[in-house]
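Work through the exercises below with the sequence and the model at hand. Each task is followed by a solution in steps.

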Amino acid sequence: SRILLGTRAHEVAVSADLMTWYLILIFIVGVERLAELVIAQRNLAWSRVRGGVEIGAGHYPVMVVLHLALLVGCVVEVAVMHRPFIPALGWPMLALVIAAQGLRWWCITTLGRQWNTRVVVIPGAPRIDGGPYRWIPHPNYVAVAVEGFALAMVHTAWVTALAFTILNAALMSTRISVENSALVRLS
C-alpha cells in the first residue's frame, strides 16, 4: 500500500511537472505571437507610408480570436480534462511546433517589410517569390495549420486540435482567397 501511494505521488508530481512545461510552451508561443503583432504593426505603418491598402479586413478579428482561442483551449482542455502527456505523441508534436515556428520566421524574414498579419497591397511593390514562396504558395498558412494542430497535441488536447483545424481551414479558405486577389493586384 505504501509503495502504491509513493508511486501515485510520483506520477502526480511528474504530471504536474509536464503540465508546467506545457504551460511554459504555450506562454512562449503567446509571446511569439505578440512579437509578430509588433512586427506587423511596424510593417503596416511602413506600408501605409508607401500607399499600402488593406484588403479583406473583415476576417481579421475572427483570425485573432481563433489564435487566442487556440492558446486558451490548449491550457483549459489539458487542465480540465486531465489530458496526459504521451511521449510517443508529445515529442514528435513538439518537433512539429518547432518546425512550424522555423517556417513562419523564414516567411517573415523572406517577406521583410512586406510581411504582415493583415493583407496589405503596396502599389508597385514586387511580388516576393524567394525563400519558402519558391515552393509553396502560402507557406505561412502551412506553418499555422501544422502549429495549431501540433501545439494542442503535444499534451493530447485533441478536441482543441480538431476544433482549431476545422475552424482554421474555413478561415484560411477566406484568407487565401483575399490574399490571392491581392496578389493579382501586384501582377
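**Exercise 1.** Is Y22 buried or exposed, and which residues does Y22 touch beyond its neighbours within four places in sequence?

Solution.
- Step 1. Y22 has a relative accessibility of 2%, so Y22 is buried (buried: under 20% relative accessible area; exposed: over 50%; partly exposed: in between; 1.4 Å probe, protein chains only). This is a predicted model, in which local features need pLDDT of at least 70 and side-chain atom pairs pLDDT 80 or more, whereas totals for chains, interfaces and linings use all residues. Residues are numbered from 1 along each chain as its sequence is written, and side-chain values use heavy atoms, without hydrogens and water.
- Step 2. Y22 is located in helix α1 (helices are DSSP runs of H or I with at least four residues, strands runs of E with at least two, numbered from the N terminus).
- Step 3. With neighbours up to four places away left out, the contacts of Y22 are C74, V78, L151, A152, V154 and H155 (contact: heavy atoms within 4.5 Å).
- Step 4. For V154, the separation from Y22 is 132 residues in sequence, against 8.0 Å between the C-alpha atoms.
- Step 5. For L151, the backbone oxygen is 2.8 Å from a polar side-chain atom of Y22.

**Exercise 2.** Which members of the largest nonpolar core touch the most other members?

Solution.
- Step 1. A nonpolar core is a set of buried Ala, Val, Leu, Ile, Met, Phe, Trp, Tyr and Cys residues joined through side-chain atoms within 4.5 Å.
- Step 2. The largest such core has 27 residues, and Y22, L25, I26, C74, L151 and V154 touch the most other members.
- Step 3. Two or more residues each come from α1 (2-49), α2 (60-80), α3, α4 and α5 (158-186).
- Step 4. α2 supplies the largest share, seven residues.
- Step 5. A separate second core has ten residues, among them I39, A40, A100 and I108.

**Exercise 3.** How many aromatic pairs does the structure hold?

Solution.
- Step 1. Rings of Phe, Tyr and Trp (its six-membered ring) pair if their centres lie within 6.5 Å; planes under 30 degrees apart are stacked, over 60 edge-to-face, the rest tilted.
- Step 2. There are two pairs. F85 and W91 are edge-to-face, at 5.2 Å between centres and 75° between planes.
- Step 3. W106 and W135 have centres 6.1 Å apart and planes at 50°, so this pair is tilted.
- Step 4. W106 is in helix α3 (residues 87-111) and W135 in the loop between β2 (120-121) and α4 (139-153), so the pair ties together parts 29 residues apart in sequence.
- Step 5. W106 is partly exposed at 39% relative accessible area, and W135 is exposed at 57%.

Notes: A polar contact is a pair of N or O atoms within 3.5 Å; within protein, one must be able to donate a hydrogen and the other to accept it, and residues adjacent in sequence count only if both atoms are side-chain atoms.
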